[in-house]
Amino acid sequence: AIKVGRFPISIAITPNGRTAYVVNNGSGTVTPISTATNKAGKPIRVGHDPAFMAITPDGRTAYVVNNGSGTVTPISTATNKAGSAIRVGRDPYHITITPNGETAYVANFGSRTVTPIRTVTSTAEKAIRVGIKPFEIAITPDGKTAYVANEGSGTVTPITTATGKAGHPIKVGRVPDFIAITP
């Protein structure tokens, strides 16, 4: 077993496979682990109640969603240093990044919104209104559409990534949490 922080909740691995990052929900930290040695590095302090993370396709930045503080913390994977927190909506949970790495999308469970973040500048753009309790987001391989699973409304909302506009919600079963797209 590799010692990490309290209540590890999720993990993400860099595209080159060299580092695994563990989100420690109870510690407010992220623990980097070298996959070559299985040794944990120094924990990285992030926001309150971190939940999930995503890493840019180029592997340079990990974005950690801080559910308790309504922020996202960028982490440089070269230095394992946290950048300035980015304010998003209430109770953010999941985050996903477009295949080209230009935009991260954050599902704000408590705000009925999705916040796009421009990764080049690590700045939030105008929130996009979606269904009740958006939980997870999946993006098509071509990067043109993001699909948001809305747990509270039993819908999936498509978002055109080029315009940031939400389309008509698609009715699905009750309490949709997770979503995936075929390659």
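Colleague: Which residue meets Asp58 in a salt bridge?
Modeller: This is a predicted model, in which local features need pLDDT of at least 70, side-chain atom pairs count only at pLDDT 80 or more, and totals for chains, interfaces and linings use all residues. A salt bridge is a side-chain nitrogen of Lys or Arg within 4 Å of a carboxyl oxygen of Asp or Glu. Asp58 has such a partner at 4.0 Å, N to O, and the partner is Arg60.

Colleague: Are Arg60 and Asp58 buried or exposed?
Modeller: Buried means under 20% relative accessible area, exposed over 50%, and partly exposed in between (1.4 Å probe, protein chains only). On that scale, both Arg60 and Asp58 are exposed.

Colleague: How many salt bridges does the rule give?
Modeller: Besides the pair Arg60 and Asp58, the side chains of Arg118 and Glu125 meet at 2.9 Å, N to O. Arg118 is partly exposed, because its relative accessible area is 28%. Glu125 is partly exposed as well, at 35%. By this rule the count is two.

Colleague: Where is Thr161 found?
Modeller: Residues are numbered from 1 along each chain as its sequence is written, and side-chain values use heavy atoms, with hydrogens and water left out. Strands (E, at least two residues) are DSSP runs, numbered from the N terminus, as are helices (H or I, at least four). Strand 18 covers 155-160 and strand 19 covers 165-166, and Thr161 is in the loop between them.

Colleague: Why does Thr161 count as buried?
Modeller: The cut-off for buried is under 20% relative accessible area. Thr161 counts as buried because its relative accessibility is 15%.

Colleague: Which residue has its backbone oxygen 2.5 Å from a polar atom of the Thr161 side chain?
Modeller: Contact means heavy atoms within 4.5 Å. Leaving aside neighbours within four places in sequence, Thr161 is in contact with Tyr105, Gly143, Lys144, Thr145 and Ala146. The backbone oxygen at 2.5 Å belongs to Gly143.

Colleague: How many strands does the chain have?
Modeller: The chain has zero helices. Its strands come to 20.

Colleague: What is the radius of gyration of the chain?
Modeller: The radius is taken over C-alpha atoms, and the globule rule is 2.2 Å times the number of residues to the power 0.38. For 183 residues, a compact globule would be near 16 Å, and the chain agrees, at 16 Å.

Colleague: What share of the residues of the chain count as buried?
Modeller: The C-alpha trace spans about 45 × 30 × 30 Å along its principal axes. Of the 183 residues, the share that counts as buried is 50%.

Key
A polar contact is a pair of N or O atoms within 3.5 Å; within protein, one must be able to donate a hydrogen and the other to accept it, and residues adjacent in sequence count only if both atoms are side-chain atoms.
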